[in-house]
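Visitor: Could you show me how to read helix packing here?
Guide: Gladly; let us look together.

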Amino acid sequence: PRFDAECRSYAEGMARLPQMKPKAGTEIRFTELPKQMYPEGATPEEITRHSMDLSYALEKVISQRYPSQPLDLLAELQFAFICFLIGNVYDAFEHWKRLLNILCRSEDAIGKYQDLYINLISVLYHQLGEIPADFFVDIISQDNFLTSTLQVFFSCVCSAAVDGTLRKKAEKFKAHLTKKFKWDFEAEPDDCAPVVVELPEGVQVD
């Protein structure tokens, strides 16, 4: 297409940009998130459980970077969001997605770090309010990431172990998103489908 033609999608816009890479040593040093969501030596049953509930991965991030103040993890989430929204740093968006995914899919941790999650809802409320409406079409809604991730989060918050304050705030946030973006959180989440988990080499199911 002509260089001055309007982009019809985010993917087309990205394809037109020059392939730019940061100079060594100048890249943003985000927390390195775990690639393996379960502990070494985990049994097949434990691997499956940790692959569905990412609390182990979240605890690992908190213990390594924010042991004294878990709430500081939200500062990193906000920093990644700002770097993408204002600085157009796509790697920051990917980090935001991965970090948010871990936070929202950590069912056991939601009961343990309720103050963290009460503040997470406030952070997401303001972040989503800053994004242009058409942004969701190509980026946020790509692969249904945000709706499916938040759907799991809202499901976890319904647990009896969660404080009423957090549950009530989550319900209000859910209603707000449904009204503003017409997102459907009532459909069966993808997590209800069978989960295929790759076992480490040498691990066998009895």
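**Reading the helices**

Guide: Helix 5 (residues 90–104) and helix 7 (residues 114–130) pack at an angle of about 140 degrees, with axes 12 Å apart. Helices are DSSP runs of H or I with at least four residues, numbered from the N terminus. Axes are lines fitted to C-alpha atoms over the stretch in contact, and angles run from 0 to 180 degrees between N-to-C directions. This is a predicted model, where local features need pLDDT of at least 70, side-chain atom pairs count only at pLDDT 80 or more, and totals for chains, interfaces and linings use all residues. Residues are numbered from 1 along each chain as its sequence is written, and side-chain values use heavy atoms, leaving out hydrogens and water.

Visitor: Which residues in helix 4 meet helix 5?
Guide: Two packed helices are described by the angle between their axes and the distance between the axes. For helix 4 (residues 72–85) and helix 5, the axes come within 7 Å and cross at roughly 145 degrees. The residues of helix 4 in contact (heavy atoms within 4.5 Å) with helix 5 are L73, L74, E76, L77, A80, F81, C83 and F84.

Visitor: Which residues of helix 10 are buried?
Guide: An α-helix has 3.6 residues a turn, so residues three or four places apart point the same way. In helix 10 (residues 164–181), L166, A170, F173, L177 and F181 are buried (under 20% relative accessible area, with exposed over 50%, 1.4 Å probe, protein chains only).

Key. Helices (H or I, at least four residues) and strands (E, at least two) are DSSP runs, numbered from the N terminus. The expected span of a helix is 1.5 Å times one less than its number of residues.
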